[in-house]
Amino acid sequence: MASILKAQKSNAAKHDSKKRKIADTDVVDDPTPAPKKRNKQRVLLLSSRGVTHRMRHLMNDIEALLPHVKKDSKLDSKSQLHLLPELADLNNCNNTLYFEARRHEDLYLWAAKTPNGPSIKMHVQNVHTMDELKMTGNCLKGSRGLLSFDKGFEDSEWGRLTKEVFTHIFGVPPTARKSKPFIDHILTFSLLDSKIWFRNFQIIEKDPLQPNGPPQTTLVEIGPRFVLTPIRIFEGAFGGATVYSNPEFISPAAVRSMIRRQQGGKYNQRKDAEEETMRRKERRQREEDQLAVSKVFA
Amino acid sequence: MPSVHPSSKKAAKGRSKSVRQPDSTDSEDYDSDNGGVDEKGMERLMSALGDDGLDEFDRAQLGLAVGSDSEDEDDGAESEVGEEDGEDSEEEVGDEEEGEQGADDSDEGMGEAAGGSSAQEGDEDSDGVDDAEDEEIALDELDGGELDEDVVPKQKVEIDDTVAMQRIRETIQLDTKMPWTETLVLNYPETIDVDVSDDLNRELAFYKQALHGANTARSLAAKHNLPFTRPSDYFAEMVKSDSHMERIRQRMLDEGAGIKKSEEKRREREGKKFGKQVQIEKLKERERGRKEMDERLKGLKRKRGDMLDKPADDDSFDVAVEDAISDRPSKRGKPQVSRKSRDQKFGFGGADRRSKQNTRESTDNFVSGSRQKGRGPRGSGPKGSSSKRSSGGNKRPGKSKRMASRSK
């Protein structure tokens, strides 16, 4: 086995060195005409104040999965998002994932290219972290995950843009310092119900039930999983003109207030009905008859 | 605000219309707001009429949508004044429109950065953005503004500026000539088309997507000389710690044990249900057997009633009894007498020829012969033969049995 690894490594190294020779000469700053450009990405990962434990764990999971992520401390203020590009610049990052928690229950995710944009604001729902015992897969820490996008992303322009941004942010560049040489997990992004569903699977080459059988790929979910609803896409980093807004998005606060109003409405309706019944009852009561028993036998 | 050529603006407007079209529900809502004017039809008409027609359309629509603003728009359709007006109202609208001015700036900045030939194009694009939003704003004002009493549209402003998005995408796009190993991106050639609330099928669809990705990635990796499979002797830190994996394993074991346990319990329960039936059957069988036995014995007694008095014939009686009893179920629970004791009792070989003969004592002994088990001489009297049966086993049947036999 070790020999195979060595062979694989040497192969890769040969391949790499060829590439690097070219890359070293060309990639200095921003070589537009460079024939072989390296994918250089670094992602700043941070959250706002007021994240709950679940959101924090989700962030930790993402940090564990993506070796090119630099995690920063929580951002103090929610209104001054323009600080973020500077912060990313200080950390030598050209992407930012910013988790914004509102009301300690709603989580929004900003995925932005800094410093020039664009930035995508999304609402995060159905968060399951890797700590859950139902997800039994495991993978190397820092191995480069595959990215799989379904065809739905190609159907709309915002989908294509989102795909591009996600490719930058979630794709681990080969040059990432902590990355490991093998591929053992796959991140899937699927567009369903105009939401983006994220899953992470471990790739198992051999069926554990029949170790001597033919190699057959099976998948086991590692986690985390979450669903993103795109809200808006801005032209700049954390600001700028809106180039896309999702008309179907209803803010979670609005949903909650609607539910509350419905509940309140039920109460009001009942009370109204009760009143109405009373009124009708009174109206229907007969006047006292002249020949009533109480009058006749007074 | 950059001054705009009328023609370019019109073109942009046309584009923004076509942009809005894909969202069918939106356009329908829009139509209903406009009092049933078929937007597509109108657009087709306008395109047929050309630029002049578009102008009219513009005016007509603005007249429909914005009551007060229409004056401004009417006297000079594309005048600078109208533009200014529009911008003023924009600032009131809020958030998304607030960003619009920024859009202009950044657009221009970007255009300049891109440099040269594309600058002009960028400018035009940004105008397109403007215009699209101008219309949106008109709609927005309609939402929140003066006409609120008449129309209550619940529609949100939708922005879908494909041109701008495409431009943005092109600016940030990674080099397309980059080898696959740099990004590891895979495209799944199918759309996920399942019911959202159907958990099982939905997850299955995701699984299929991932599986397809994994398989294509393996072949691609082989093509690019990228190490894919982790050798079994390559150990490194994993995402989940060993203790966590141990917990997962424990949980799986527990789950398996729980399932097994519940299954066992279920089977037992079913067995019990069935076992009860078996028990009842057994009891019935026993009862039946006993009845039959009684019948047989009774019949025997009736047949041999006269014989009972004759002591000489008791051997044949014994045989008859044995015959009657022979097919009796063996579940009586009566311990079988061992060979040894039987030998002792009945004799084996030529032990003592005269041991079974009557002696003087036995002849004289009237009382104990029947009571003493197996010791006394047999057939010593009429009593002896009758007591033979009782001496073999229990002396007196239980009360319930006696009552049962009496009732017969």
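Modeller: This is a predicted model. In chain B, contacts between residues at least 6 apart in sequence can be sorted by separation, and the share joining residues at least 24 apart is 52%.

Biologist: How many helices and strands are there in chain B?

Modeller: Chain B has 408 residues, and 17% of them count as buried. Its elements are 18 helices and one strand.

Biologist: Which helix gives the most to the side of chain B that touches chain A?

Modeller: In this meeting of chains, 70 residues of chain B contact 73 residues of chain A. Several elements of chain B each supply at least two residues, among them α7 (95–114), α9 (162–172) and α12 (242–303). With ten residues, the top contributor is α11(B).

Biologist: By class, what residues make up that side of chain B?

Modeller: The side of chain B that touches chain A has 19 charged and 16 polar residues. Its nonpolar residues number 35.

Biologist: Which residue of β1(B) is the bridge partner of L147(A)?

Modeller: Strand β6 (residues 146–149) of chain A runs parallel to β1(B). Three bridges join these strands. L147(A) pairs in β1(B) with V185(B).

Biologist: How are α5(A) and α9(B) oriented to each other?

Modeller: The axes of α5(A) (residues 157–170) and α9(B) come within 9 Å. They cross at roughly 20 degrees. Angles under 35 degrees count as roughly parallel, so α5(A) and α9(B) are roughly parallel.

Biologist: Is the crossing of α5(A) and α9(B) left-handed or right-handed?

Modeller: Residues at this contact include W158(A) and L161(A) of α5(A), and M165(B) and I168(B) of α9(B). The crossing of α5(A) and α9(B) is left-handed.

Notes. Residues numbered from 1 in each chain as written. Chains lettered and ligands numbered in written order. Predicted model: local features only at pLDDT ≥ 70, side-chain atom pairs only at ≥ 80, totals over all residues. Contact = placed C-beta atoms within 7 Å. Helix = DSSP H or I, 4+ residues; strand = E, 2+ residues; numbered from the N terminus. Nonpolar A, V, L, I, M, F, W, Y, C, P; charged D, E, K, R; others polar. Pairing = 2+ DSSP bridges. Buried ≥ 20, exposed ≤ 12 C-beta atoms within 10 Å, placed from the backbone. Axes fitted to C-alpha atoms, helices over the stretch in contact; angles between N-to-C directions. Parallel < 35°, antiparallel > 145°, perpendicular 65-115°, else oblique. Left-handed = near helix turned anticlockwise from the far one by under 90°.
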